[in-house]
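Good morning, and thank you for coming. I shall present one model today, and I ask you to keep the structure in view as I speak.

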Amino acid sequence: MLDPGILFAGVLNGLMAGGIYVLVAVGLTLIYGVLHIINFAHGSLLMLAMYAVFFLWRLSGLDPYAALPIVIGAAFAFGYLLYRLVIGRLSHGRDENILLITLGVSIVIDNVALLLFGGNTQTVETPYASSFVQLGDAFLPLPKIISFVASLLICALLGLFLARSDTGKAIRAVARERQGARLVGIDVDNIFALSYGIGIACLGAAACLLMPTYYVTPSSGHAFVLVAFTIVVLGGMGSFAGAAVGGLIIGVVESLGGLVLGEQLGQIGISAIFILILLLKPSGLFGVRQ
Amino acid sequence: MRRQGLLLALALAAAIVLPLVAPGYLVEVGVLVFFLAFIGQSWNISGGFAGQTSFGHAVFFGTGAYTSTILQITFGWNAWLAWPAAVVAGAIVGWIIAILSFRAGLRGSYFALITLAFAEAFRILANSVSFTHAGLGMLIKADPRPANFQFRDPIWFYYLALALCIVSLLIAWQLTRDRFGARLVGVRENEDAARALGIDVFAEKVKALTLSGAIAAAGGTFYAQKYLYIDPNIAFGVDKSIEMLLVTMVGGAGTIFGPLLGALTLTGVNEATRALASIVPALKNVQPLSLIVYGVMLILIVGRLPDGLARLFHRVQRHA
């Protein structure tokens, strides 16, 4: 069987990856909680943000961590406009329609990226990429630790923003009771676009934190889309705490699945969890029963 | 009605004569159109008529492709005999997924996501286990004799695809006429109202997905025999699922001719971008360009023309 030292390292590595998944999933669950739409373009938008980080580094030598404010701002603006100009305008009626529109958006983004950037794998080289920190028996890459801490910090800041600021209160009001929010004078359409923008801004942050240890290709979005949905469903659609716990669980499951079942079959853990949760407890761990 | 019949007879005659006079390249395009229309119709039965949007129909397509290919390669079956077995396998997978998902009460986006996850699970399994030859894929030994479901002259694949397409159109036509089809539309429009009218919503949805799975699996075997090679990404990849959804949504979900119209449109777009790429060398990467057009069409059609191009067609016809 597995050596406990390897197991320990696997769990730690999984937690580190899970930290960034949390950020991706928080964006998805925020969009779901407020707009009640499933954003199928989530993975593709993350891929786009990762390319933004890559090109900022390539063209101006900007470190991915230093790029955080720029990419977060740009991602927010992109998400806001995408909602205002495309999704919001065409999203009348059934939720499958919105799912299909965001699917269309993801097809367009993936292929524009393929057309413009080519299919090659791109990476960012940083001086600290090969620094390691020893934790017991396990050696952890320094950038993974930085990303893990930064990711949870950003989530906490977002939580604080939603809890304390006026805009945050308006967002929570719209999530809770759309009609009531409209009646007390909240501009609901604007809150929708803002929430979508914030959800995509989370992806911008995740892209900056991923790039020092990860690579990007036009199909990178695919790798994250099912993972992000699994986390959100596991935690409960629309639940903030659920996304955080779910992200860490999925990170560990993925890491241990690879160790126990091998590289290929290990990926099945994600799909299996997703199917089982949907079939047995669709409201997730922290979700409210509908 | 009479004029419609005449138009259909003319179109059918043209489709039969076309490969005899057209260059070989057009015959290949024709095979693609009818094949896409066929697997699109499978999506249309559950996604269009019954309104259960699926993001993972490749699970049925791949089940069919792998069942007939494994029966041939590993067990030495004749391809024609393996075909019905593949259809049965597709129906069983459709039945099981339907029972599980609909029993759990999954609708709308949740159903779409669980089908995606099923297709992904099948893809990973096919990629890891030995009886599918894992990531290497499966190569069917070329032995072009009609008894082996392999043809030297592509014209036979053309006529076979045409026949499949016609069968699928007849199934869809039957759905617009009989009670089963009417019940499915009832389920799509309002499940609660359908239930109140005494329709067994669960049973009808299960039947629709079982039928849909059988048809998609038949398409899977056809694909495997045409190209003599399948691998996990071809058979179970998300691209195939999206293709089946796209032709139907673009052409018109829940209409008889929607998938055929969509297949004609998308293949036309594909050929047009290919022609454009041969003129403009900077666009040598054709595939993404046509997919961008597909994506934009999907967005516009869902947002502005929910009944697809078929609706446009109908209006023109009615005015004429």
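I begin with helix H7 of chain B, whose buried residues are covered by elements that include H2, H6, helix H8 (191–196) and helix H9 (201–227) of chain B. Helices here are DSSP runs of H or I with at least four residues, numbered from the N terminus. H7(B) spans residues 179–189, and Gly181(B), Arg183(B), Leu184(B), Gly186(B) and Val187(B) are buried in it. A residue is buried if 20 or more other C-beta atoms, placed from the backbone, lie within 10 Å of its own.

Please note that this is a predicted model, in which local features need pLDDT of at least 70, side-chain atom pairs count only at pLDDT 80 or more, and totals for chains, interfaces and linings use all residues. Residues are numbered from 1 along each chain as its sequence is written, while chains are lettered from A and ligands numbered from 1 in the order in which they are written.

Let me turn to two of the covering helices. H2(B), residues 24–49, packs against H6(B), residues 154–177, at an angle of about 25°, and their axes are 8 Å apart. The axes are lines fitted to C-alpha atoms over the stretch in contact, and the angles run from 0 to 180 degrees between N-to-C directions. H2(B) and H6(B) are therefore roughly parallel to each other, a term that applies to angles under 35 degrees. Their contact comprises 18 nonpolar, five polar and one charged residues. Here Ala, Val, Leu, Ile, Met, Phe, Trp, Tyr, Cys and Pro count as nonpolar, Asp, Glu, Lys and Arg as charged, and the others, Gly among them, as polar.

How many residues of chain B are in contact with chain A? There are 32 of them, and they meet 32 residues of chain A; contact requires C-beta atoms within 7 Å. On the chain B side, H5 (108–128), H11 (238–251) and H13 (286–304) each supply at least two residues. H5(B) gives the largest share, 14 residues. By class, this side of chain B has 23 nonpolar, eight polar and one charged residues.

Why does Leu234(A) count as buried? Leu234(A) is buried because 29 other C-beta atoms lie within 10 Å. Beyond four places in sequence, its contacts include Gly246(A), Ile249(A) and Ile273(A). Leu276(A) is 42 residues from Leu234(A) in sequence, with 9.5 Å between their C-alpha atoms.

Technical notes:
Parallel < 35°, antiparallel > 145°, perpendicular 65-115°, else oblique. Buried ≥ 20, exposed ≤ 12 C-beta atoms within 10 Å, placed from the backbone. Contact = placed C-beta atoms within 7 Å.
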